[in-house]
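Here is a short report on a protein model and its ligand. Look over the sequence and the structure first, then read on.

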Amino acid sequence: MPDQNVKELTTDDAPIKARGLEGVIALESELSSIDGQEGKLIYRGYDINDLAEGASFEEVVYLLSNGELPTRDQLDDLRQQLRSERTLPTPVMEFLRNIPDDAHPMAVLQTVVSALGLYDDEANAMDEASNRRKAVRILAQIPAIIAAFDRLRKGLEPIPPLEDGSMAHNFLYMLNGEEPGEAAERTFDVCLVLHADHGLNASTFTNRVIGSTMSDMYSAIPGAVGALKGPLHGGANREVMRMLLEIDEQGADPAKYVREKLAAGERVMGFGHRVYRTMDPRAAILRDMVQELSEKEGAMKWYEYSMAILETMRDEKGIDPNVDFFSASTYYQLGIDPDLFTPIFALSRTAGWTAHLFEQWADNRLIRPRAEYVGKRDRTFVPIDQR
Ligand code: ACO
């Protein structure tokens, strides 16, 4: 049901000013909804807790792009399509071999997803069937990009994808060179489920702005990757791990560390959100997963540092953690390098980004807000040799 409190602005004659577009509704979406007061998140009407508990990432991919959970046949079909597109085009793999080892993994992902379009005959086709095939192709190839880059920069050969197994299983295999255990695969799969969509966040908005110009998927997805890279958005998960590692290396007291950061006017990464006024439900699920992983490994320090930081942030600022806070130690305990955390976020969010493009194109309207001009006016032009 549409929100009764929303006042519709139907004319350009009475512009509204909202810095950062805070509180502005730019479009309608059936994909996901956040209740910031209650700390609830739904995808297509299903509670995130239920999906994290019972659905695989591939089921969520299907749900987001089709509106319904798949039957077993529909799921098998999607899984088969994804598997058949896992291998990167040869020139793209050659390109990856020439990328500097110290490149930012998000810059690599952005560039290489864009490059994929150069080798896709359907890159510029805008009919729905082509776009659906491209959505599967891009989603299937992102794990191969991340894994190949990581191995190449470590002096290792990229590992060809498996012909079977889930996306989570195959990604961890291509990254580590060995098939993951059931627990690691399930943990990673839940992380993918949790990050798949999240309303009109900055990267999804970027993606829809690009889509609204009727530009193609290979333009919109790299644009979204660029937006996700920033530390105020997806880049925060890497910064959280940097903080936890620094606390560990310095043997610092986490509460004191955080208080000093706040006293210096710095932000603590992984806390705060534009929409949530309480704990992000994804953070709660991830917190429990970190606890479980830590207990299993008999190494509680990341969980303990995180909980001490959480308590301090609540006491000092009354701010709760967002999804990036506990995903950091989850990925770290799965043995993943911190600078791959944000690319993994992008892997999952590609499900949401592509579904948002279908929604945008089904009823497109160019997204084009305005700026309030606060610059100078009525200046007299002076020719260059008189300046
Ligand atoms: N650490 C310290 N203080 C914070 C934090 C934080 N992480 N987040 C918000 N605050 C404070 C602000 O200083 C401000 O306080 P003030 O009113 O005393 O000045 C108040 O909370 C409100 O903050 P805003 O910046 O107005 O909130 P906004 O909606 O613009 O910011 C944002 C949201 C960017 C996410 C912010 O909370 C932040 O910078 N967090 C850290 C980065 C982060 O974790 N990003 C990931 C977000 S989730 C995601 O994108 C996947």
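## Backbone and ligand shell

D378 is found in the segment after α16 (341-362). Helices here are DSSP runs of H or I with at least four residues, numbered from the N terminus. This is a predicted model, where local features need pLDDT of at least 70, side-chain atom pairs count only at pLDDT 80 or more, and totals for chains, interfaces and linings use all residues. Residues are numbered from 1 along each chain as its sequence is written, and side-chain values use heavy atoms, leaving out hydrogens and water.

D378 is not a glycine, yet its phi is positive, about 50 degrees. D378 is exposed, with a relative accessible area of 80%. M214 also is not a glycine and has a positive phi, about 65 degrees. M214 sits in the loop between α9 (202-212) and α10 (217-229). M214 is partly exposed, at 43% relative accessible area. (Buried means under 20%, exposed over 50%, partly exposed in between, with a 1.4 Å probe and protein chains only.)

Now the ligand. The shell around it holds 11 nonpolar, five polar and four charged residues. Among the 20 residues around the ligand, H233, R267, V268, G270 and R274 come nearest. A residue counts as near if one of its heavy atoms lies within 4 Å.

| Residue atom | Ligand atom | Distance |
|---|---|---|
| R267, polar side-chain atom | oxygen | 2.8 Å |
| V268, polar backbone atom | nitrogen | 2.7 Å |
| N322, side-chain N or O atom | oxygen | 2.9 Å |

Technical notes
Helix = DSSP H or I, 4+ residues; strand = E, 2+ residues; numbered from the N terminus. Polar contact = N/O pair within 3.5 Å; in protein donor to acceptor, adjacent residues only side chain to side chain. Nonpolar A, V, L, I, M, F, W, Y, C, P; charged D, E, K, R; others polar.
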